[in-house]
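Hi everyone, thanks for making time this morning. Let's bring up the structure and walk through it together.

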Amino acid sequence: MKQLYLDAKNIMQKDPAARNVLEVIILYPGFHILVFHRIAHFLYKHKLFFLARLISQLGRFFTGIEIHPGAKIGKRLFIDHGMGIVIGETAEIGDDCTIYHGSTLGGTGKDKNKRHPTIGNNVMVGAGSKVLGPINIGDNVKIGAGAVVLHDVENNTTVVGTPIDRVIKKTNKL
């Protein structure tokens with residue numbers, strides 16, 4: 001429960017349209033899907049796969065956001081205008097990340113076992129971005145809207161393009 005409150009508080013702090021934590025808890029689908037996912041992930045870890053998928057699909061029905069119950073999500077994820085987001089089974093998301101609507105953290109269909117991306121801490125995934133395959137996205141990365149990312153991205157980098165064809169910013173942030 002404490003983690004869910006911290007998630008709601010984080011959303012309120014990051015979204016200038018949010019007026020208070022109660023509004024986030026009642027009205028924000030990005031928060032609602034975190035509640036569904038935490039329950040589904042718990043069931044998944046305890047090998048109750050059918051129940052986990054059922055909870056996951058209910059969350060998808062109510063929010064338009066699909067997170068596989070096997071996905072690992074860090075603290076303080078902010079899903080802004082989440083409709084159409086898809087996060088695959090073996091995806092891992094670090095702490096303090098932001099994901100915008102229409103984004104996919106998915107597979108390419110040709111990998112076995114680890115099939116989805118690993119996202120570092122403090123990563124922003126722009127609207128409509130597709131991050132595909134068992135790749136690693138470093139810490140403090142910004143992925144531009146509509147980007148298609150098929151290869152690893154280093155820490156402290158901003159990438160754009162379809163597929164990403166250029167790095168537009170690289171910092172020496174510690």
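What we are looking at is a predicted model, where local features need pLDDT of at least 70, side-chain atom pairs count only at pLDDT 80 or more, and totals for chains, interfaces and linings use all residues. Residues are numbered from 1 along each chain as its sequence is written, and side-chain values use heavy atoms, with hydrogens and water left out.

By cavity I mean a set of points on a 1 Å grid over the protein atoms alone where a 1.4 Å probe fits but cannot get out; lining residues have an atom within 4 Å of a point. The volume, the space filled by probe spheres set on the points, is about 30 Å³ for the largest cavity. Its lining is I33, F36, H37, A40, S56 and I67, and helix α3 (residues 29-45) gives the largest share, four residues. Helices here are DSSP runs of H or I, at least four residues, and strands are runs of E, at least two.

On to the sheet: five strands form an open one, ordered β1-β4-β7-β10-β13, with parallel pairing. Because β1 (66-67) and β13 (148-149) are at the edges with a single partner strand each, one side of each has no neighbour in the sheet. Pairing takes at least two DSSP bridges, and β4 (residues 86-87) and β7 (residues 104-106) pair over two bridges. There, I87 stands opposite L105.

I87 also has contacts (heavy atoms within 4.5 Å) beyond four places away in sequence, including E66, I67, A71 and I99.

Conventions:
On a 1 Å grid over the protein atoms alone, a cavity is a set of points where a 1.4 Å probe fits but cannot get out, and a pocket is an open set with protein on both sides within 12 Å along at least five of seven lines; lining residues have an atom within 4 Å of a point.
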